[in-house]
Amino acid sequence: MPTVDAIVISEKDSVATALRSIQTGENIQLKVSDKSYEIVILTDIPIFHKVALHEIGQGEKIYKYGEVIGEAVSRIKAGEHVHSHNTVTLRG
Amino acid sequence: MTFMGYQRSNGTVGIRNHVLILPTVSCSTETARIIAGQVKGAVTFQNQQGCGQMGADAKRTIDILIALGSHPNISGVVVVGLGCETAQPHKVAEEIAKSGKPVKTTVIQEEGGTLGAITKGIRYATEMALAASMEEKVPCDVSELIVALECGGSDPTSGVASNPSMGYASDLLVAAGGTTILSETTEFIGAEHVLAARAADEEVANDIMNIVHRLEKSTKERGEDLRGGNPSPGNIAGGITTIEEKSLGCINKGGSSPAVEVVEYGEKPRRKGLVIMDSPGFDIDSIVGMVAGGAQMCVFTTGLGTPVGNGLVPVIKLTGNSMTYEKMKDNIDINAGVILDGGKTVEEVGQEVYDEMLRVANGKTTKAEIFGFSEFGVWRCGTSV
């Protein structure tokens with residue numbers, strides 16, 4: 001089993017990648033460089049899927065690898081699943 | 001650092017010594033398959049093209065066939081044609097012969113049908129296999145290696161475990177004077193600025209941006225939307241949301257070396273180091289393009305698992321997903337999932353990948369090679385007529 005619940009790749013990122021299936025209601029703690037996050041999971045996160053590290057407003061850019069991976073189509077709260085239901089590519 | 005390889009008369013170095021049974025057209029692939037099946041040491045592939053093609057599209061298929069026949073891993077070639085196809089078998093054979101390899105041709109219409117063509121083809125292939133078995137390996141410098149970097153069936157582990165490990169191995173080979181080819185232009189979309197920022201010079205940076213713009217433009221001109229095909233349904237189910245996310249993970253295959261050159265599909269690199277090839281995101285066509293470009297081996301990362309191989313070159317598979325490794329050990333050579341499990345670092349697994357590349361160059365067989373897999377496709381740039 002992984003020693004951490006999820007990984008954050010860059011300090012700029014707005015999402016973490018789950019390293020195990022994380023259930024609604026779980027409290028997870030994450031670190032990247034000097035930044036720490038404590039997040040309450042609001043929706044089940046399947047293994048290797050993304051979870052929001054902080055609130056992302058509708059139309060705001062979403063960052064992973066320190067780069068833009070798309071835009072939020074609706075408001076995403078910290079601890080919510082970030083995927084095709086609420087995220088859209090900027091390059092179609 | 002050296003490995004034991006085959007020194008060819010045209011200066012190239014092979015890591016395998018196959019006899020290639022090369023079908024010039026779809027119509028002769030079954031005949032080629034039967035010939036290859038009779039001769040130990042022979043390989044072939046299912047050519048889906050070779051006729052009903054025009055202009056640049058026809059030229060590309062013919063150029064790829066010639067490049068494969070001239071490939072350093074090939075000792076000798078039996079060209080198997082139908083006779084009336086666009087990719088004229090005698091002409092293809094003549095071009096391959098310029099590489100200095102023995103080339104023979106058997107043409108179904110000239111031999112009065114299947115049995116005559118097969119008999120002749122098997123006789124030629126047998127003689128070549130016998131000669132190949134007596135060729136001796138010699139010490140060759142690792143700088144002679146050209147390694148194709150490929151990823152397929154990606155999931156979010158690819159971008160953080162298997163691709164960075166492969167990237168570390170790619171950097172080690174480049175530091176040793178060798179060459180790696182990063183391809184799949186579709187999977188540069190959204191990450192092209194990152195690749196361009198570490199290009200060796202401005203010209204290479206512009207070339208990287210240009211191949212991405214060219215792909216986006218041609219897709220739009222066809223009235224199509226890349227979102228329909230990439231990320232694939234499997235990528236999305238695994239947790240990859242957008243093409244940008246997929247691309248940012250994909251380019252990690254190339255490590256941190258500067259890109260020294262951008263080549264066209266199937267074109268041979270002119271420089272050593274990390275080379276970028278314009279190719280599609282479809283694994284099969286992409287690998288064939290890099291093999292035509294002279295890659296003697298392929299390293300292939302996967303998240304969801306894939307069996308893909310290539311008849312001419314060994315394909316080493318690694319996955320960043322330990323569950324996939326456990327499920328698909330039949331097909332996967334290295335588990336980079338140990339990085340996410342907390343057992344090893346990217347650098348440690350990357351060193352293992354590099355060591356495995358050298359073992360495979362020396363003759364160790366990969367799982368795709370043991371199964372004899374030889375998936376084949378050429379990136380079309382036109383439609384059939």
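Mentor: In this predicted model, strand 1 of chain A and strand 2 of chain A (residues 15–18) run antiparallel and are joined by 2 bridges. Within this pairing, A:A6 lies opposite A:A18 of strand 2 of chain A. The two strands belong to an open sheet of 4 strands in chain A, ordered 1-2-5-8 and paired antiparallel. Strand 1 (6–7) and strand 8 (81–82) of chain A are the edge strands, and each of them pairs on one side only.

B:V299 has B:I316 of strand 13 of chain B opposite it.

From the sheets, turn to the contact between the chains. Chain A contributes 26 residues to the contact and chain B contributes 33 residues. Interface size is often expressed as the accessible area lost when the parts come together. For chain A and chain B, the buried area is about 2,200 Å², and carbon and sulfur atoms give 59% of this. The polar side of the account has two counts: 4 salt bridges are found across the interface of chain A and chain B, and 15 residue pairs are in polar contact between the two chains, both residues being at pLDDT 80 or more. On the side of chain A that touches chain B, strand 7 (67–72) and strand 9 (87–88) of chain A each supply at least two residues. Strand 7 of chain A gives the most to that side, with 4 residues. By residue class, the side of chain A that touches chain B holds 13 nonpolar, 9 polar and 4 charged residues. One salt bridge can be named: the side chains of A:R91 and B:E216 meet at 3.0 Å, N to O.

Chain B also has a contact within itself. Its domain assignment gives domain 1 (18–133) and domain 2 (141–370). The centres of domain 1 and domain 2 of chain B, taken over C-alpha atoms, are 29 Å apart. In the contact, 12 residues of domain 1 of chain B meet 13 residues of domain 2 of chain B. These two domains bury about 960 Å² between them, with 68% of it on carbon and sulfur atoms. Between domain 1 and domain 2 of chain B there are 0 salt bridges, while 3 residue pairs are in polar contact, both at pLDDT 80 or more. Strand 3 (18–23) and helix 2 (55–69) of chain B are the elements that give two or more residues to the side of domain 1 that touches domain 2. Helix 2 of chain B provides the largest share of that side, 4 residues. The side of domain 1 of chain B that touches domain 2 of chain B divides into 8 nonpolar residues, 3 polar and 1 charged.

Notes. Residues are numbered from 1 along each chain as its sequence is written. Chains are lettered from A and ligands numbered from 1 in the order in which they are written. This is a predicted model: local features need pLDDT of at least 70, side-chain atom pairs count only at pLDDT 80 or more; totals for chains, interfaces and linings use all residues. Side-chain values use heavy atoms; hydrogens and water are left out. Domain bounds come from an automatic or database domain assignment. Contact means heavy atoms within 4.5 Å. Buried area is the accessible area (1.4 Å probe) that two parts lose on being put together, summed over both. A polar contact is a pair of N or O atoms within 3.5 Å; within protein, one must be able to donate a hydrogen and the other to accept it, and residues adjacent in sequence count only if both atoms are side-chain atoms. Ala, Val, Leu, Ile, Met, Phe, Trp, Tyr, Cys and Pro count as nonpolar, Asp, Glu, Lys and Arg as charged, and the others, Gly among them, as polar. Two strands pair if DSSP finds at least two bridges between them.
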